[in-house]
Amino acid sequence: MGKDLKGKELGVGITQQKNGLYSARFVDKYGKRRQKRFQKLQECRQWIADASYIDEHSNIAQAGDMVVDAWFEYWIEIKKKTVRPNTVRNYTERYMRNIKPVIEKMLLTDIKPLHCQKIFLDMADEDYRTSTIYQARIALYNMLEFAKENDVLRYNPCKKSVKSDMGKPSDKKEALTIDEQKKFLEGAAGQSYENQ
C-alpha cells in the first residue's frame, strides 16, 4: 500500500511524490513495469484500475476474454502489415474518435448489434457526415469480422441490421475549373500530396 505525503494509505501501487504528483505502477503479465503520473488522485486510481483490467483481458491465447481495446491493438498491428498506411490511419482514427468511447472496455464476446448501432447513432447526433459514419462502420465491421474468421466470435455483430446510412448528407461535389486546378497545383507544390 502506497502513502501520500501526510502518511495516508492510497492503495496498492499508488504513491505521492514530493512534488505532489501521484504515481501509479504495476507489473503487467509479461513482467514489464507500467507507470504513469497524475495531478489528481482519482485520475491515478482510474488509470491503474483500467490498465490492470485491460492487462488481465488482453491474452491472445484466450481471445474470447479480450476487451475490445486489446483486440483492436492486435488487429491493427496485423493491418499495418497487410494494407496501405492510409487505410491504417483511417481505421485508427475512426476507432479512437468514435468506436473506442462506446465499447473499448467491453469484452469482445459481449458486443451486440445494439452496441454497434449506438456508435453510429452517437456519430449522427454529433453531426458527422454519412460518409464518415460509413467509414466507421467499415472499420468496426472489418475488426469484428477478423474475430469471427478466427473463431473468437460466433457471428459479426456489425451486421446488415445495423444501420449506418444516417448523418448529414455530403456536400455536392463540383469539378474545379482550369484556373482553380492551376492554383491548386501551385499550392500543393512541396506538400506530401504533390505527386498525387
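Okay, let's start at a loop: Asp127 sits between H4 and helix H5 (130-149). Helices here are DSSP runs of H or I with at least four residues, and strands are E runs of at least two, numbered from the N terminus. Before going on, a word on what we're looking at: this is a predicted model, so local features need pLDDT of at least 70, side-chain atom pairs count only at pLDDT 80 or more, and totals for chains, interfaces and linings use all residues. Residues are numbered from 1 along each chain as its sequence is written, and side-chain values use heavy atoms, with hydrogens and water left out.

Back to Asp127. Its phi is positive, about 65°, and Asp127 is not a glycine. Asp151 also has a positive phi, near 60°, and again the residue is something other than glycine. You'll find Asp151 in the loop between H5 and helix H6 (178-188). Is Asp151 buried or exposed? Exposed, with a relative accessible area of 70%. For the cut-offs, buried is under 20% relative accessible area, exposed is over 50%, and partly exposed is in between, using a 1.4 Å probe and protein chains only.

Now to the helix pair, H2 and H3. In general, you describe two packed helices by the angle between their axes and the distance between the axes. H2 covers residues 68-82, and H3 covers residues 85-103. Their axes come within 12 Å and cross at roughly 175°. Those axes are lines fitted to C-alpha atoms, for helices over the stretch in contact, with angles running from 0 to 180 degrees between N-to-C directions. So H2 and H3 are roughly antiparallel; that label takes angles over 145 degrees, while under 35 is roughly parallel, 65 to 115 roughly perpendicular, and the rest oblique.

Who meets whom? On the H2 side we have Val68, Asp69, Phe72, Glu73, Trp75, Ile76, Lys79 and Lys80, and on the H3 side Val88, Tyr91, Thr92, Tyr95, Met96, Lys100 and Ile103. Contact here means heavy atoms within 4.5 Å. By class, that H2 and H3 contact has nine nonpolar, one polar and five charged residues. The nonpolar class is Ala, Val, Leu, Ile, Met, Phe, Trp, Tyr, Cys and Pro; Asp, Glu, Lys and Arg are charged; the others, Gly among them, are polar.

Have a look at Lys79, which is in helix H2. Lys79 is a lysine that counts as buried, at 19% relative accessibility. Leaving aside residues up to four places away in sequence, Lys79 touches Val88 and Tyr91.

On to the rings. How many aromatic pairs are there? The count comes to eight. The rule takes rings of Phe, Tyr and Trp (its six-membered ring) with centres within 6.5 Å, calling planes under 30 degrees apart stacked, over 60 edge-to-face, and the rest tilted. Phe38 and Trp47 have ring centres 6.1 Å apart and planes at 45°, so that pair is tilted. Phe38 and Trp47 are both buried. Phe72 and Trp75 make another tilted pair, 6.0 Å centre to centre with 50° between the planes. These two are three residues apart in H2, so about one helical turn separates them. Phe72 is buried, and Trp75 is too. Ring pairs also link Phe72, Trp75, Tyr91 and Tyr95 into a cluster.

Last topic, charges. As a general point, side chains of opposite charge can pair when their charged atoms come close. The structure has eight salt bridges, each being a side-chain nitrogen of Lys or Arg within 4 Å of a carboxyl oxygen of Asp or Glu.

Lys80 is partly exposed at 46%, and Glu77 is partly exposed at 35%.

In H3, Arg89 and Glu93 are four residues apart, about one turn, and their side chains meet in a salt bridge at 3.6 Å, N to O. Arg89 is partly exposed at 41%, and so is Glu93 at 26%.

Then there's Lys118 with Asp122, closest N and O atoms 2.9 Å apart. They sit four residues apart in helix H4 (residues 113-125), so about one helical turn separates them. Lys118 is partly exposed at 41%, as is Asp122 at 22%. And finally, salt bridges that share partners join Arg89, Glu93, Arg94 and Arg97 into one network.
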